[in-house]
Amino acid sequence: MLKIWSMKQQQQQAENAEGAAGKKKKKVTAAQLRVQRDLQELTLGSTMKMAFPNPDDILNFNLTIEPDEGMYKNGSFTFTFAVNQNFPHDPPKVKCTQKIYHPNIDLEGNVCLNILREDWKPVLNLNAVIVGMQFLFLEPNASDPLNKEAAEDLRQNRDLFKRNVRNSMAGGNVRGVAFDKVTR
Amino acid sequence: MGAGDQWKYLYRVLSKSGPYSDPDWVPGEETIKSLEESKILVIGAGGLGCEILKNLALSGFKDIHVIDMDTIDISNLNRQFLFRQSDIGKPKAEVAAAFVERRVKGVKITPFVGKIQDKDEDYYMQFKIVVCGLDSIEARRWINSTLVGMVDMENPESLKPLIDGGTEGFKGQARVILPSLTSCIECQLDMHAPRPAVPLCTIATIPRQPQHCIEWAHQIAWQDKRKDDSFDSDDIEHIGWIYNAALERAKDFNIPGVTFQMTQGVVKNIIPAIASTNAVIAAATTSEALKIATSCNPFLENYMMYAGEEGVYTYTFEAEKKPDCPVCGNLARKITVNPDATLEEFIETLGERPEAQLKKPSLRTEEKTLYQRFPPQLEEQTRPHLKLKLRDLVTSGQEVAVSDPAYTIDFRFQLIFG
């Protein structure tokens with residue numbers, strides 16, 4: 001045991017640094033530190049806004065995407081992000097707060113984006129997730145469906161799908177399901 | 001063997017120098033005494049924990065503490081040999097402690113039933129060595145960062161060697177971590193490949209395997225039908241419901257093979273545990289504990305992996321400390337600050353201080369976002385802090401973490417009011 005301590009002293013001398021002595025207060029967690037960095041490195045276009053209901057809690061926030069092109073143009077879609085203390089080992093949990101008609105988002109708000117699940121890696125950052133989310137609205141993907149009916153529509157009749165998107169965004173019904181009004 | 005002979009072979013090892021023992025090592029009574037006085041903590045009283053407790057008691061440790069939050073389940077009995085049928089439902093830590101105390105005379109084992117997070121630094125400070133037999137990465141990371149955070153240059157006793165054992169099926173590893181001195185669990189995190197998850201879309205639309213149906217029942221049907229019940233994987237009614245929902249879905253898609261047992265396995269994320277893997281890894285961790293506590297022989301530096309699928313293969317290597325490890329790579333540096341300076345003034349000094357030289361920092365404490373430059377919404381919310389005095393934002397001795405886009409690593413400072 002003494003040997004270990006003398007190793008420590010040698011290391012300390014070599015670094016010639018001041019040790020962190022004294023009574024410890026709560027440390028900033030690895031997840032917090034990583035999110036602080038990720039937020040700082042975000043590139044948000046004019047189509048994206050973030051909101052922090054509790055600015056001291058940067059692990060929980062909202063993202064609003066307002067596409068300026070594509071089929072979902074003029075919509076305003078809000079997602080909650082919940083990052084846990086195991087981040088970046090675990091991906092953030094993302095949910096859509098509105099009921100929308102989208103092949104990759106189900107009626108509960110679950111999002112099917114590969115990097116939020118099977119392809120998540122700790123080297124990915126929040127920016128990658130946000131870019132991926134934005135892409136879902138520009139290029140809804142019928143081969144990876146979470147809302148099967150919407151995917152079917154997109155695959156078989158693109159014009160019908162477009163009309164359904166318009167309709168649902170205005171708060172209308174599609175196949176008997178009432179959607180939230182999400183137009184700006 | 002008589003009672004007096006019980007430790008004969010152990011004492012032989014501790015009373016004579018061997019070819020590998022350190023020239024400065026003094027064998028004999030002092031060494032034996034220091035072993036018997038070493039207070040050692042075992043985290044986990046499951047498959048590995050049972051083996052570790054038994055091994056430590058038989059290696060001459062006399063004061064052992066054990067933490068575990070779980071109770072005994074019937075499925076534990078095949079390998080967690082300190083438990084009997086009549087113990088089902090009782091806390092693992094208590095039953096394991098009582099069993100080993102009965103079996104090995106003269107050893108005291110103090111159980112704690114609860115989470116490691118329930119205990120604070122004062123608790124962990126009392127031990128000489130911590131041995132982990134855990135099944136969760138999260139718990140490992142917690143104890144690792146706690147032990148790294150406890151290291152205090154002015155108190156040699158604050159450096160607690162952490163010996164970590166882990167098994168998964170036929171594979172396992174044992175490692176020795178000297179917090180802040182050698183590569184830590186956080187440095188080695190990328191060695192644990194996360195389990196491949198099934199895409200949600202597969203689960204939702206085109207299940208191919210019985211497991212997909214179970215995942216569907218667990219993740220989608222439950223949300224849909226029983227939103228108000230929070231799912232408990234230990235509740236037999238809940239598992240039963242999932243099983244039936246999965247069974248029905250499997251029928252719709254003509255997928256055979258959904259069983260109750262598989263349902264339990266999938267929702268609880270169970271990987272079959274192999275008793276012999278636990279025995280190999282526990283033996284490695286406890287012999288490291290003996291070597292560290294007595295200095296009788298050099299200890300493992302620092303990672304031993306074991307692969308038992310196709311033979312008995314072990315390989316030992318030295319995992320390297322990551323300079324940018326978020327836990328051990330940058331321990332908080334003390335800096336003295338004027339508590340009446342504003343946050344803005346403090347940030348300016350960060351740009352001037354030779355040890356910092358940060359131009360565009362964002363910074364926070366554990367509970368407070370002090371100033372975040374981006375995104376704009378958060379910048380606006382935290383901007384008023386710039387005009388506040390440090391004494392109104394932090395207390396003396398508090399840690400502040402700083403990120404700056406100009407650097408790939410983050411900085412931690414401990415602010416001392418001057």
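Residues are numbered from 1 along each chain as its sequence is written, and chains are lettered from A, with ligands numbered from 1, in the order in which they are written. In this predicted model, local features need pLDDT of at least 70 and side-chain atom pairs count only at pLDDT 80 or more, while totals for chains, interfaces and linings use all residues.

**Stop 1: the A/B interface**

Select both chains. Here 53 residues of chain A are in contact with 59 residues of chain B; two residues are in contact if their C-beta atoms, placed from the backbone, lie within 7 Å. On the chain A side, helix 1 (2-15), helix 2 (30-40) and strand 1 (48-51) each supply at least two residues. Helices (H or I, at least four residues) and strands (E, at least two) are DSSP runs, numbered from the N terminus. Helix 2 of chain A gives the largest share of that side, eight residues. By type, the side of chain A that touches chain B divides into 22 nonpolar, 12 polar and 19 charged residues. Ala, Val, Leu, Ile, Met, Phe, Trp, Tyr, Cys and Pro count as nonpolar, Asp, Glu, Lys and Arg as charged, and the others, Gly among them, as polar.

**Stop 2: the sheet of chain A**

Four strands of chain A form an open antiparallel sheet in the order 1-2-3-4; two strands pair if DSSP finds at least two bridges between them. Strand 1 and strand 4 (93-96) of chain A are the edge strands, each pairing on one side only. The twist averages 25° from one strand to the next. Axes are lines fitted to C-alpha atoms, for helices over the stretch in contact, and angles run from 0 to 180 degrees between N-to-C directions.

Now select 60-65 and 77-82 of chain A. These are strand 2 and strand 3, which run antiparallel and are joined by six bridges. Leu63(A) stands opposite Phe79(A) in strand 3 of chain A.

**Stop 3**

Select Cys112(A), in the loop between strand 4 and helix 3 of chain A. An unreviewed UniProt entry annotates Cys112(A) as "active site"; UniProt positions are given in the numbering used here, feature names are shortened, and annotations may be inferred rather than shown by experiment. Cys112(A) is buried, with 24 other C-beta atoms within 10 Å. A residue is buried if 20 or more other C-beta atoms lie within 10 Å of its own, exposed if 12 or fewer, and partly exposed in between, with C-beta atoms placed from the backbone. Leaving aside neighbours within four places in sequence, the contacts of Cys112(A) are Asn104(A), Asp144(A), Leu146(A), Leu200(B) and Cys201(B).

Next, go to Pro88(A), in the loop between strand 3 and strand 4 of chain A. A cis peptide bond, with omega about 5°, joins Phe87(A) and Pro88(A).

**Stop 4: the sheet of chain B**

Show chain B alone. Eight strands form an open sheet of mixed pairing, in the order 3-2-1-4-5-6-7-8. Strand 3 (108-113) and strand 8 (313-317) of chain B stand at the edges with a single partner strand each, so one side of each has no neighbour in the sheet. Strand 5 (162-168) and strand 6 (171-177) of chain B pair in the antiparallel sense over seven bridges. The bridge partner of Leu162(B) is Ile177(B) in strand 6 of chain B.

Select residues 275-294, helix 11 of chain B. Helix 11 lies across strands 1, 4, 5, 6 and 7 of chain B, running at about 175° to strand 5.

**Stop 5**

Ser295(B) follows helix 11 of chain B, has a positive phi of about 60° although it is not a glycine, and is buried, with 22 other C-beta atoms within 10 Å. Asn254(B), also not a glycine, has a positive phi of about 55°; Asn254(B) is exposed, with 6 other C-beta atoms within 10 Å. Finish at Pro375(B), joined to Phe374(B) by a cis peptide bond with omega about -5°. Most residues other than glycine have a negative phi, and most peptide bonds are trans.
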